Amino acid sequence: MSCEEARIAIMGLLDGELRPEEEGAVRGHLRGCRECSLEEAKYRNLAALAKAASLPEPTDAETSRFWAGIYNRSERKAGWVLLLVGLALLAAYGATALAVAETIPLPVRLGLLATGIGLFLLFLSVLRLRLRTLPFDPYRNVVR
Ligand SMILES: [Zn+2]
């Protein structure tokens with residue numbers, strides 16, 4: 001195995017992705033080649049540093065405190081309501097404009113209309129299923 005091949009295979013070795021015969025060949029090269037062995041040690045140190053540098057996550061208490069604030073809850077609800085109202089208005093306007101747009105060929109208008117209605121029906125179907133199964137959701141009371 002050449003040094004170039006060994007250096008390519010070192011990452012696979014550290015990630016445990018090599019077949020046994022490949023691993024044996026790389027380890028054999030590392031035993032006999034000081035430069036590649038040093039390279040492997042550098043990669044191993046980098047992997048250990050990356051593993052140790054995991055980002056902190058907010059605690060459940062911090063998340064609960066955030067959602068306890070009436071402003072935070074209202075902001076989220078208002079955002080959803082405005083988003084849905086805006087989408088409904090745009091859909092109604094789009095459907096009306098599409099119905100009277102004689103410059104757009106009829107098959108295109110019908111295709112766009114069918115796509116819009118299909119998306120709406122799929123949204124309703126997913127929403128109804130979610131609402132019906134919500135009481136049985138085992139993750140319902142999980143904060144995050
Ligand atoms: Zn080498």
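Start by selecting Cys-3: setting aside its neighbours within four places in sequence, this residue is in contact with Cys-33, Glu-35 and Cys-36. Two residues count as in contact here if their C-beta atoms, placed from the backbone, lie within 7 Å.

Before moving on, a word on what you have open. This is a predicted model, in which local features need pLDDT of at least 70, side-chain atom pairs count only at pLDDT 80 or more, and totals for chains, interfaces and linings use all residues. Residues are numbered from 1 along each chain as its sequence is written.

If you like to colour by confidence, do so now. The predictor's confidence in each residue, pLDDT, runs from 0 to 100. Its mean over the chain is 90, and 99% of the residues reach 70 or more. Confidence is highest in helix 2, at a mean of 94, and lowest in helix 4 (residues 60–68), at 87. Helices (H or I, at least four residues) and strands (E, at least two) are DSSP runs, numbered from the N terminus.

**Stop 1: the start of the chain**

Keep Cys-3 selected; this residue is found in helix 1. Is Cys-3 buried or exposed? Cys-3 counts as exposed, with 12 C-beta neighbours inside 10 Å. The cut-offs are these: a residue is buried if 20 or more other C-beta atoms lie within 10 Å of its own, exposed if 12 or fewer, and partly exposed in between, with C-beta atoms placed from the backbone.

Step back to Ser-2, in the segment before helix 1. Ser-2 has 10 C-beta neighbours inside 10 Å and counts as exposed.

Now select Asp-15, in the loop between helix 1 and helix 2. Asp-15 is exposed too, with 10 other C-beta atoms within 10 Å.

**Stop 2: helix 2**

Select residues 20–32. Helix 2 has 13 residues and reaches 19 Å from its first C-alpha to its last, close to the 18 Å expected at 1.5 Å a residue. That expected span is 1.5 Å times one less than the number of residues.

Which residues of helix 2 are buried? They are Val-26, His-29 and Leu-30. Turn the view to look down the axis of helix 2: the buried residues fall within an arc of 100°, so they line one face of the helix. The arc is that of the directions from the helix axis to the C-beta atoms. On the other side, Pro-20, Glu-21, Gly-24, Gly-28, Arg-31 and Gly-32 are exposed.

To see what covers the buried residues of helix 2, show helix 1 (3–14) and helix 3 (34–52), which are included in that cover. Zoom in on Leu-30: beyond its neighbours within four places in sequence, Leu-30 is in contact with Ala-6, Cys-36, Ser-37 and Glu-40.

**Stop 3: the nonpolar core**

Select Ala-6, Ala-9, Ile-10, Val-26, Leu-30 and Cys-36, the 6 residues of the largest nonpolar core. Helix 1 and helix 2 are the elements that give two or more residues to this core, and helix 1 gives the most, with 3 residues. A nonpolar core is a set of buried Ala, Val, Leu, Ile, Met, Phe, Trp, Tyr and Cys residues joined through C-beta atoms within 7 Å.

**Stop 4: helix 5**

Next, select residues 70–100. Helix 5 has 31 residues and reaches 45 Å from its first C-alpha to its last, close to the 45 Å expected. How many of its 31 residues are buried? The count is 0, and helix 5 is hardly covered.

Pick Gly-94 in helix 5. Gly-94 counts as partly exposed, with 14 C-beta neighbours inside 10 Å. Gly-94 and Leu-113 are 19 residues apart in sequence and 9.0 Å apart in space, C-alpha to C-alpha.

**Stop 5: the whole chain**

Zoom out and colour by domain. The domain assignment gives domain 1 (3–52) and domain 2 (70–136), with bounds from an automatic or database assignment. Their centres, taken over C-alpha atoms, are separated by 53 Å.

- Ser-2 to Phe-123: 57 Å, for residues 121 apart along the chain.
- Cys-3 to Leu-98: 65 Å, for residues 95 apart along the chain.
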